[in-house]
Amino acid sequence: MGDNPVMRGISWFAEHFIGLFNESATQFAGLVTGILPLLMVMLTAMYAITTWIGEERVTRAIQWAGRWAVTRYTVMPFLAMLLLTNPMAYTFGRFLPERYKPAFYDSTVSFCHPITALFPHANAGEIFVWAGVSAGVMQAAPDKYATLAVLYFMVGLIVILIRGIATQWMTGVLIKRGGHEETFKRYDEAYAEGKIQGVAE
Amino acid sequence: MSYQTVKIVKGSGGWGDGLVLTPTDERHVVLSVTGGGVHPVAAKIAELTGAEAIDGFNTHVPDEEVMAVVINCGGTARIGVYPKKRLPTIDIYPGSPTGPLAQFITPDIFVSDVGIKQISLVDEATAAAAASAAAQTQSKEGGASDQSSTTTATATQERPKTVSQTQAEKGGLMSWVVRFGNFIGYVINTLLSSGRQALQIILQTVLPFMAYVGLLIGIVNYTGISQVLANSVTPLASNPLGLLLLSFIVAIPVLSPILGPGAAIAQVVGVLMGTQIGAGALPVQYALPTLFAIDGQVGCDFIPVGLSLGEAKPETVSVGVSAVLFTRMVTSPIAVAIAYLASFLL
């Protein structure tokens, strides 16, 4: 019976069909037991802390950080991601003059993966950019895992500063080239008068 | 006495659509079922509307006279009792529907994490609209309160007997203990509701992605595709120049918006690279530059949405999209270069 080529074909298929899903199930179980418990408790703690800190205090810190380029493209994106998480972090762009908004977005969105190395709750849905690569490091050199996490975070901060400044410059160039200067001058004046969108009160 | 209308919105950790309340001659009581006297939130509502704030622990008020109930409960009982009677309920603690009566806690009748700041006076124009809506809810409540009046009487009369309540009024050490207890209650309730929030994102986003990634890695590993992929990607990823090239490719303005969505591609490549590093095919030092090389396109699909979240003007969006896309071609390789240098610290 076992020599029948049809039967052998069927049993080969069955074996590998099951094998494929067994392998996938093993991978899934590894992900769930490896990452999920940490993520769950961390998310809980961070949500609670954000509630305790309160919205007004966060907003005030963000507005303060938005004043200077150095903090606008480091501290501000970090706080926005940490407290509002991806994708609500970009709403903090409303505190900035129009001409800085693209740079702030570029800077903030570029931090949405480096931040997961230390604060996985900030972008839990996209954790595997970091978790995928770091799982390999965990396997090959577990002692370097923590250093890698800190380095990813720190280099991330440097990179978003560079990106912010570069995009801010590029936005300026494009405003000039596209003949939008008059429009943006009007926006700047409106901002100077304190007409920030979204801060009605 | 002329009555005013107030609007109550949820706090930062709160739940519910918010309430618009106007007292009437029949319904003129803000019931404070918080313990330790009338809660400041109840007092504030009463002060703004012209209604009367009453401590529900000491005084029994018929449901027909109650305009709104202020509670401090994130647990099981009070949080559901009043919404079940269709009385507008304001919870001081952050909380979302839980407990055995969770199905009665609906966003139109319940709002949580409310402090003094969440209460504001509504001007005349909107008040008129709200009044008609309030009239509707009250006619609905009329029917419901008849049936529940018997249960109400027993429920409200039981409560004044709570030990903590009588102790709180006596002052001294016990009032301090009660206040401490209330504080602990607040802490625990925030943590519980955070836990619920965390579980929600894990169920809705993280677990489905894990299932997908698990299946993908399973197939790739089992069929040997990972070997093929490794052989083709490794030359690119196994030297700094290859990583620079990779980071430039993903940042090309035509490609980056396609590669971006959900970071799906970055995540899959990240997992594959991780597997290679784990297997020893790629040196550990390359982990850091790799993280930036595979992520040069981050957020490029999302620029208009992200900018409009920041309430940017249409002109800003049109300028901003090109500004971000073009600078990426330069900043993406720069990121890899910095990461490569930093990786020597590893």
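How many residues does the contact take from chain B, and how many from chain A? Some notes from going through the model, which is a predicted one.

1. To settle the opening point: chain B puts 79 residues into the contact, and chain A puts in 76 residues. Together the two chains bury about 6,600 Å², with 76% of that on carbon and sulfur atoms.

2. Charge pairing across the contact is quickly listed. The count between chain B and chain A is one salt bridge. Its partners are Arg328(B) and Asp106(A), with the closest N and O atoms 2.5 Å apart.

3. Which elements of chain B give two or more residues to the side that touches chain A? They are H5, H9 (264-278), H10 (287-293), H11 (303-309) and H12 (314-342). H5(B) gives the most, with 26 residues. Sorted by class, this side of chain B has 46 nonpolar, 26 polar and seven charged residues.

4. H5(B) does have a kink of about 45°, centred on Ile202(B). Just past the end of H5(B), Gly224(B) takes a positive phi of about 85°.

5. Over in chain A, check H1 (residues 5-53). Its 49 residues should span 72 Å at 1.5 Å a residue, and the end C-alpha atoms are 70 Å apart, so the two values agree. H1(A) is kinked too, by about 40° at Leu36(A), shortly before the proline Pro37(A).

6. Finally, the ends of H1(A). At the start, a side-chain oxygen of Asn4(A) reaches to within 2.9 Å of the backbone nitrogen of Val6(A). After the helix comes Gly54(A), with a positive phi near 90°.

Technical notes
Residues numbered from 1 in each chain as written. Chains lettered and ligands numbered in written order. Predicted model: local features only at pLDDT ≥ 70, side-chain atom pairs only at ≥ 80, totals over all residues. Heavy atoms only, no water. Bend = angle between axes of the 7 residues up to and from the residue. Helix = DSSP H or I, 4+ residues; strand = E, 2+ residues; numbered from the N terminus. Contact = heavy atoms within 4.5 Å. Buried area = accessible area lost by both parts, 1.4 Å probe. Salt bridge = Lys/Arg side-chain N within 4 Å of Asp/Glu carboxyl O. Nonpolar A, V, L, I, M, F, W, Y, C, P; charged D, E, K, R; others polar. Expected span 1.5 Å × (residues − 1). Polar contact = N/O pair within 3.5 Å; in protein donor to acceptor, adjacent residues only side chain to side chain.
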